[in-house]
Amino acid sequence: MSQPDDIAFLRLSFAVARRAREKGKHPFGAILVGTDGAVLMEQENAFDTEGRTGHAETVLSRRACAAFTAEELAQTTMYVSAEPCAMCAGSLYWAGIGRLVYAMSEHKLGKIIGPHPDNLTLDLPCRTVLEAGQRHVEVIGPLLEEDEEAAALHDGVWER
């Protein structure tokens, strides 16, 4: 169930995505929030330095594993500007993050991006990936998809 601060934290992930875009990176952002509402980490897309697997969620999951215990991560929430792809959902799962809140769906993102070679999206809901696991991850989303706020982060980015 969505919580009152979820929208505010999603908008913080949008700020990270905008910052990434300003640096010439793909406009994706992720933040990790603790139970006390403190932002523990944030991550821009790292396609420029880590290649096609440098998605914000995957990089953040790796960093979080190095910084926090499994018990601590089980109590955190990852907020992301767009639904995690199958790779990112798997990374989040293996990291042990307990909750995910995302803005725009992978399906809508795929319609925006199209067959762009930098991001050949998978139309595979993260819930499908996460439900296949043995540990429950609460998933909330899509949020802010209908008002186009999340989609606006991608305006003009994927045109050739």
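These legends describe close-up views of a predicted model.

**View 1**

**View 1. E4 and E5 run parallel.**
Three bridges join these two strands. Here Leu 100 stands opposite Val 139, a residue of E5. Leu 100 is also among the residues that Leu 92 touches.

**View 2. Helix H5 is mostly covered.**
H5 spans residues 86-95. How many of its ten residues are buried? The count is seven. They are Cys 88, Ala 89, Gly 90, Ser 91, Leu 92, Tyr 93 and Ala 95. What covers them includes three helices, H3 (56-67), H4 (70-73) and H7 (126-131). Strands E3 (77-82) and E4 (99-104) are also part of the cover. After H5 comes Gly 96, whose phi is positive, near 95°.

**View 3. Leu 92 sits in helix H5.**
Is Leu 92 buried or exposed? Leu 92 has a relative accessible area of 1%, so it counts as buried; the cut-off for buried is under 20%. Leaving aside residues up to four places away in sequence, Leu 92 touches Ser 61, Met 78, Ile 97, Leu 100, Leu 130, Arg 135 and Val 137. Gly 24 lies elsewhere: its C-alpha atom and that of Leu 92 are separated by 25 Å. Along the chain, these two residues are 68 residues apart.

**View 4. Arg 11 and Glu 149 meet in a salt bridge.**
The N to O distance between their side chains is 2.8 Å. Arg 11 lies in helix H1 (residues 6-22), and Glu 149 lies in the segment after strand E5 (138-140), so the pair ties together parts that are 138 residues apart in sequence. Both ends are partly exposed: Arg 11 has a relative accessible area of 38%, and Glu 149 has 23%. A search of the whole structure finds seven salt bridges, including this one. Side chains of opposite charge can pair when their charged atoms come close.

**View 5. Arg 19 and Glu 42 meet in a salt bridge.**
Their side chains are 2.8 Å apart, N to O. Which parts of the chain does this pair tie together? Arg 19 belongs to helix H1 and Glu 42 to strand E2 (residues 39-44), so the link joins parts 23 residues apart in sequence. Arg 19 is partly exposed, with a relative accessible area of 29%. Glu 42 is partly exposed too, at 34%.

**View 6. Glu 44 and Lys 23 meet in a salt bridge.**
The N to O distance is 3.0 Å. Glu 44 is in strand E2, while Lys 23 is in the loop between H1 and strand E1 (29-33). The two residues are 21 residues apart, and the pair links distant parts of the chain. Glu 44 is buried, because its relative accessible area is 7%, whereas buried means under 20%.

**View 7. Five residues are linked in a network of salt bridges.**
The members are Arg 19, Lys 23, Lys 25, Glu 42 and Glu 44.

Note on methods:
Residues are numbered from 1 along each chain as its sequence is written. This is a predicted model: local features need pLDDT of at least 70, side-chain atom pairs count only at pLDDT 80 or more; totals for chains, interfaces and linings use all residues. Side-chain values use heavy atoms; hydrogens and water are left out. Buried means under 20% relative accessible area, exposed over 50%, partly exposed in between (1.4 Å probe, protein chains only). Helices (H or I, at least four residues) and strands (E, at least two) are DSSP runs, numbered from the N terminus. Contact means heavy atoms within 4.5 Å. A salt bridge is a side-chain nitrogen of Lys or Arg within 4 Å of a carboxyl oxygen of Asp or Glu. Two strands pair if DSSP finds at least two bridges between them.
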